Amino acid sequence: MKKKFPKTRNYLMAVAALVAVATMAMSESAAAQEKQYFPIASSRVGPYSAMGTGYYGAQIDYMNYVNMNGGVNGVMLTWQECETEYNAVKTVECYQRLLEKDGQRIVVFDTLGTPGAYAVINRMADDNVVLAQYGYGRTDGADGRVWPWVFNAASHYWSQIAVKMKFMAEQEGGVENMRGKKIVHLHIDSAYGREPLPAMRKIAEDWGVTLVEISIPPPGLEQQSQWLQIRREQPDWVTFWGAGSGMNSTAMTNAARVGFPRDRMIYVTFGAAEEDMYPAGDAAVGTYAVANALPGDDYPLVAAIKEEVYGAGEGNLADESRVGSVYWNRGLGAAVMWIEALKNAQEMHGKVGKAVTGAEFRDGYEALNMTESRLGEIGIGGMVAPFAISCANHEGAGKFAVMQWDGEKFQQITGWEAPLDPAYIRRLVEDSAAKFASENNITPKSC
Amino acid sequence: MNSKFSFLGYTKGDLFNFIALLAVALVVVPLLVQSEYWYSSILIPWLCLALAAIGQQIVMGYAGQLALGAAGFMAAGAFACFNLILRVPDIPFFVALMLSGLVAAAFGVLFGLPSLRVRGIYLMVATLASQFFIIWMIDKFGWFKNYDTSGIITAQDIVIFGKPFTSPQEMYFVIVVVVTLLTILAINMARGSTGRNWMAVRDMDIAAESMGISLLKTKLQAFAICAFYCGVAGALFAFTYLKSLEPVAFDIKLSFKILFMVILGGLGTINGAFIGAAFILLFPVLLNSIGNNVFHGAIDATIISSIEQVVFGVLIIVFLIYEPLGMAKLWDNIKQRVISKIAPKSEPLKQKKT
């Protein structure tokens, strides 16, 4: 027994020495250059893994691609990953862990989850970190006067539900035909599932639509009683607000079982991915979904990443065929905004070729102006709606495209659609932000 | 927090340990630990969950009632604290904290009632009701959340005697004070007649009843105290760690975690609650940082994340097989071994003194 210990000890020491040498070598080579550090608060395991692997995989792939092409004006991108499991408590821990690396602070944080975003949202102003909610999270963050550090470009949930209701009205032949119609909002029973309701209730009331809210307790794999209720209610439309491939595909198979037509269901952006549709098989055909970043691998940037990053064996996704899928492209859309904001920040503050601080990055993010031609230059023209962010408006485009699942892939049905009355949605956002500001003694900044 | 080796009354060793631990918590840690990460992500959640685990320990480890639903009581405490601070003007934080513990205790009594009729695994199912009912109630009635549209509300700042406690280190001090006081209380209850009654009920309730211990009183008391501890822990957890209140944060998974903390830490020990909380909370963090720092790039990140969970699960099984009495017992064994190694050297010294 006694002889065994020295061996183990030697072995352990050897491993420790190796690790130390390796980390030293790594940090030395990195220290030679200016670098900018980004956090990857990924969610790769658990029911939301399809979302997390695709989205964060794309962010890493794009940063690799930028580094391969000389970085951002010579500034190399570094990143560190932390697993949150789409859990608010773990997100807080990850946020603190990722906050600093080699003396450099993160400039942006992306939780890809409304619960996680709410858990860290109040730390942003103190820590000088931008909370980039790419189409999720706290909706009234769109009011930059109350939330200078929070952004929900591209496009928040209230715009999303308004676009969906506009689509229904178009299918029914106009808003006047919506009177007396019935919509079921079938949602996961969480803050995320309820997030669109304030806007939805208001629009339904204005249009004379009966709104029935039916909730599914998480994780949402058990939906039979809810679908029986839907069969009784006989709604004209169902807006489905689920999370995770299991819940999303179960809804379609249940709809098929009670005979509810799939082309009367509109899925939320976080249910609108290939991974959510495949498990339901034929039951998924005809389902509508909306997108803030369209799938497809023929966009020049996607093709270039495939060739350079995956060609060199540096790709983050184990399954290369997922490059160009909904979640991957959404992650790419988010990462492109980081890098464009970084470029802006470098230029605005005379730091071209140097790392920027959180405050400088925030200015760069707020100055984002992704015109049609700029998106084309980057190589994602048509993948996301053109948008600009301003001091007051942190939402960006506020537009969504409707897609329909044909059994193999999504077919785009509409172009980039804005709500019927964007000013109305904006008013709701401002009211909600003003309520928050008065409750928390925040003086909105003037823009 | 405190020693378990002498069971009746406080020995010199107990007092020494207590003072040493207090010195570590209030002097050594603040002097040595500067990084905010350690306060806000390790120490604060650890102490909060350890407090909840003490609650679970009382009802399960001491009173022997297999209850599940600690997270429900935590939610009750957290939302009670939010509403007290919101609606009662100028209420001192500690008063709000204790009152929210009492609100949770009321729920504890309510959901402890089934324990008079059912026991064992059936009681566990019955107490699950607390978990779902409390969360449902908070979700259903907007009043609890002050009609916030999103359902996630921001916790108020902690203000004590006009001074805001907002930095991680300041909040750590608040928690240390609360946890220390409640731990001493728990140890005293466990050692006194209250704890004796609990243990008598745990070991054989018919025998306990025939000796004049009221089952009704003892069981409900254990449930109430358990819920009180969980409620205070929940309020602290929401106000210092999450800084927001959201019913989903107190889901069934958290209840299971607290249950595992107690089982792995060692049933019927107070220090087991602290050790178990540290293991359940910190080990995944450790595995995650090892996975990311050592194997970063070498193995696919998705596989690393999955391996972490496998390793954690295997470790739990290994612990339960080789040390079914929990980590508190393991800690005692290590201590005994170290003492027995040092003892031959120190014994002559002691003899000279006497």
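Predicted model: local features only at pLDDT ≥ 70, side-chain atom pairs only at ≥ 80, totals over all residues.

Visitor: How many bridges join β6(A) to β7(A)?

Guide: The general idea is that two strands pair if DSSP finds at least two bridges between them. Strands (E, at least two residues) and helices (H or I, at least four) are DSSP runs, numbered from the N terminus. Here, 2 bridges join β6 (residues 130–132) to β7(A), and the two run parallel.

Visitor: What is the strand order of that open sheet of 3 strands?

Guide: The order is β5-β6-β7 in chain A, with parallel pairing. β5 (108–109) and β7 (150–151) of chain A are the edge strands, each pairing on one side only. Helix α14 (residues 358–366) of chain A lies across β5, β6 and β7 of chain A, at about 40° to β6(A). For such angles, axes are lines fitted to C-alpha atoms, for helices over the stretch in contact, and values run from 0 to 180 degrees between N-to-C directions.

Visitor: Which strands stand at the edges of the open sheet of 7 strands?

Guide: First the order: β9-β8-β10-β11-β12-β15-β16 in chain A, with mixed pairing. β9 (210–216) and β16 (410–412) of chain A are at the edges with a single partner strand each, so one side of each has no neighbour in the sheet. On average, neighbouring strands of this sheet are turned by 25° against each other, direction ignored. Helix α8 (residues 197–207) of chain A lies across β8 (182–188) and β9 of chain A, running at about 155° to β9(A).

Visitor: Is β10(A) mostly covered or uncovered?

Guide: Strand β10 (residues 237–241) of chain A is mostly covered, with 5 of its 5 residues buried. In a regular strand, side chains alternate between the two faces of the sheet. Trp237(A), Thr239(A) and Trp241(A) point one way from β10(A), while Val238(A) and Phe240(A) point the other way.

Visitor: Over how many bridges do β8(A) and β10(A) pair?

Guide: They pair over 5 bridges, in the parallel sense. Leu186(A) has Phe240(A) of β10(A) as its bridge partner. β10(A) also pairs with β11(A), over 3 bridges and again in the parallel sense. There, Val238(A) is partnered by Met265(A) of β11(A).

Visitor: What does Val402(A) touch?

Guide: Contact requires C-beta atoms, placed from the backbone, within 7 Å. Val402(A) is found in strand β15 (residues 401–405) of chain A. It is buried, with 24 other C-beta atoms within 10 Å. Leaving out residues up to four places away in sequence, Val402(A) touches Phe167(A), Tyr288(A), Val290(A), Ile413(A), Thr414(A) and Glu417(A).

Visitor: Why is helix α3 of chain A said to be largely enclosed?

Guide: All 11 of the 11 residues of α3 (residues 88–98) of chain A are buried, so the rest of the structure largely encloses it.

Visitor: Which residues have the most contacts inside the largest nonpolar core?

Guide: A nonpolar core is a set of buried Ala, Val, Leu, Ile, Met, Phe, Trp, Tyr and Cys residues joined through C-beta atoms within 7 Å. The largest has 242 residues, and those with the most contacts inside it are Leu131(A), Cys48(B), Ala52(B), Met74(B), Tyr229(B) and Ala233(B). Helix α9 (residues 215–242) of chain B gives the most to this core, with 19 residues. Domain 1 (35–155 + 296–398) and domain 2 (158–291 + 402–425) of chain A both give residues to this core, so it lies between them. Those bounds come from an automatic or database domain assignment.

Visitor: How many residues of chain B are in contact with chain A?

Guide: 27 residues of chain B are in contact with 31 residues of chain A. α12(B) gives the most to the side of chain B that touches chain A, with 5 residues.

How values were computed:
Residues numbered from 1 in each chain as written. Chains lettered and ligands numbered in written order. Buried ≥ 20, exposed ≤ 12 C-beta atoms within 10 Å, placed from the backbone. Contact = placed C-beta atoms within 7 Å.
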